[in-house]
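Please look over the chain below before reading on. The paragraphs that follow go from its strands to its core, then to its helices and loops.

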Amino acid sequence: MRVQTETRSFDCADSSHCELPTPLRMTKCLESVQNMFPFKLVYSDAYYLPIGEHVFPAEKYRRIRDRLISSHIAEATDFLEPEPATDQDILLVHKPEYVHKLKTGTLSPREQMELEVPFSPELVKAFWLAAGGSIMAARQCLSDKVCISIGGGFHHAFPDHGEGFCMIHDVAVAIRRLQRDDKIRTAMTLDCDVHQGNGTAAIFAGTRTESVPLPSVSSSTLSPGTATKTKMRGTHAGEVFTISLHQHNNYPLYKPPSSIDVDLPDGCRDDDYLAWLDNAISSGLRQFEPDLLCYIAGADPYREDQLGGLALTIEGLKKRDELVFRVARARDIPVMVTYAGGYARNIEDTVTIHCNTVIAAKEVFA
Ligand SMILES: [Zn+2]
């Protein structure tokens, strides 16, 4: 129904309000509109990775969706169902030989081992779908300012091989697809997973000169000692600017240079992490103007993570998300989000951290 107030009119979809006396109806309608979810979430039950008993909690995607609905953060109608990426989309990033091996199940035993998840044709389908979900989220955020795919973020996949649980680089595929469609020219990846985005750095390496240390603009806000232990380095050339904040002493052993890498020391806590994040984003946006921001919101910088060695709290991780969304909103940069890793001892913590990313976006973009 169309509701008219003194200053504006708006649509309310809740027909139960029609039964109410006018003043109460107005209040209820206004509440409904104010609580409306301000963007779309991309999700499919088939995001589930068929990898059996594994440290990667493949059921986290469904649990996140269920929690978002049961806690009334989002409704079923706020979710979009993605289509798998096409082979042509995948080939915008990955080498034909590698794609052929995946489609025919002919990876060598060594290549299968490097992937660190058991290969199956079903797994190939799940990764094609994750890439389709990221394409959808990237497209959707251009009109809605923000869109979150409850999956993806497979930042360790390279053009010619997969590793570290990542077969296909869904975010890179999305960027290349939107560039091909002339929807965007430039993009920035902001990777906050605890592990460096080695695949992202390699894919978008372009022609770089040797990395140089960057001056820290906010080192005065950091704890004594952290500024000297943390290294921020970078240099950039190309249409995609890559930022990675990660634990230095962690996988991958070899870290190909991103446009900006922040090598954080073991045990880095909320305040220092947030200062370095702020520093890296500011530095990146002084050098580069992206048409699209791809935020890889890993849950594994959490202090209880089994594969991470940073010490962020659940509250600190939500502040991280808020910081990213506030910057994107202030600068009017569309932001698409993917989830990457999260290996908390208690899977409910991983689910909470990922749900908080949705809540943070809802608060910032409401
Ligand atoms: Zn990770």
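Two strands pair if DSSP finds at least two bridges between them. Strands (E, at least two residues) and helices (H or I, at least four) are DSSP runs, numbered from the N terminus. In strand S11 (residues 292–296), the bridge partner of Ala187 is Leu292. This is a predicted model, in which local features need pLDDT of at least 70 and side-chain atom pairs count only at pLDDT 80 or more, while totals for chains, interfaces and linings use all residues. Residues are numbered from 1 along each chain as its sequence is written.

The protein chain has 12 helices and 12 strands. Of its 366 residues, 46% are buried. A residue counts as buried if 20 or more other C-beta atoms lie within 10 Å of its own, as exposed if 12 or fewer do, and as partly exposed in between, with C-beta atoms placed from the backbone. Two residues are in contact if their C-beta atoms, again placed from the backbone, lie within 7 Å. Among the contacts in the protein chain with a separation of 6 or more, 76% are between residues 24 or more positions apart.

Strand S6 (residues 187–191) has five of its five residues buried, so the strand is largely enclosed by the rest of the structure. In a regular strand the side chains alternate between the two faces of the sheet. In S6, Ala187, Thr189 and Asp191 point one way and Met188 and Leu190 the other, and all are buried. S6 runs parallel to S11, to which five bridges join it. S6 also pairs with S9 in the parallel sense, again over five bridges, and there Thr189 stands opposite Thr242.

Strand S9 (residues 240–247) is mostly covered as well, with eight of its eight residues buried. Val240, Thr242, Ser244 and His246 lie on one side of S9, and Phe241, Ile243, Leu245 and Gln247 on the other. S9 pairs with strand S10 in the parallel sense over five bridges. Two of the facing positions are Ile243 opposite Ile260 and His246 opposite Asp263. In S10 (residues 260–264), four of the five residues are buried.

Which residues have the most contacts inside the largest nonpolar core? They are Ile168, Leu190 and Cys294, in a core of 99 residues. Such a core is a set of buried Ala, Val, Leu, Ile, Met, Phe, Trp, Tyr and Cys residues joined through C-beta atoms within 7 Å. Its largest share, 11 residues, comes from helix H6 (residues 121–144). Leaving aside neighbours within four places in sequence, Leu190 is in contact with Ile243, Ile281, Leu293, Cys294, Tyr295, Ile296 and Val324. In soluble globular proteins, nonpolar side chains tend to be buried together.

Helix H2 (residues 60–70) has Lys60, Tyr61, Ile64, Arg65 and Leu68 buried. These residues cover an arc of only 140 degrees around the axis, taken from the directions from the helix axis to the C-beta atoms, which puts them on the same side of H2. An α-helix has 3.6 residues a turn, so residues three or four places apart point the same way. On the other side of H2, Asp66 and Ser70 are exposed. The buried residues of H2 pack against strand S4 (79–80) and helix H12 (347–365).

H12 also meets helix H11 (residues 314–331); the two axes come within 9 Å and cross at roughly 30 degrees. Residues of H11 at this contact include Leu317, Phe325 and Arg329, and those of H12 include Ile353, Ala360 and Val364. Axes here are lines fitted to C-alpha atoms, for helices over the stretch in contact, and angles run from 0 to 180 degrees between N-to-C directions.

Some backbone details remain. Most residues other than glycine have a negative phi, and most peptide bonds are trans. Lys145, in the loop between H6 and strand S5 (146–149), has a positive phi near 80 degrees. Lys145 is partly exposed, with 19 other C-beta atoms within 10 Å. Ala340, in the loop between strand S12 (335–338) and H12, has a positive phi of about 50 degrees. Ala340 is buried, with 27 other C-beta atoms within 10 Å. The peptide bond from Tyr251 to Pro252 is cis, with omega near -5 degrees, and Pro252 is found in the loop between S9 and S10.
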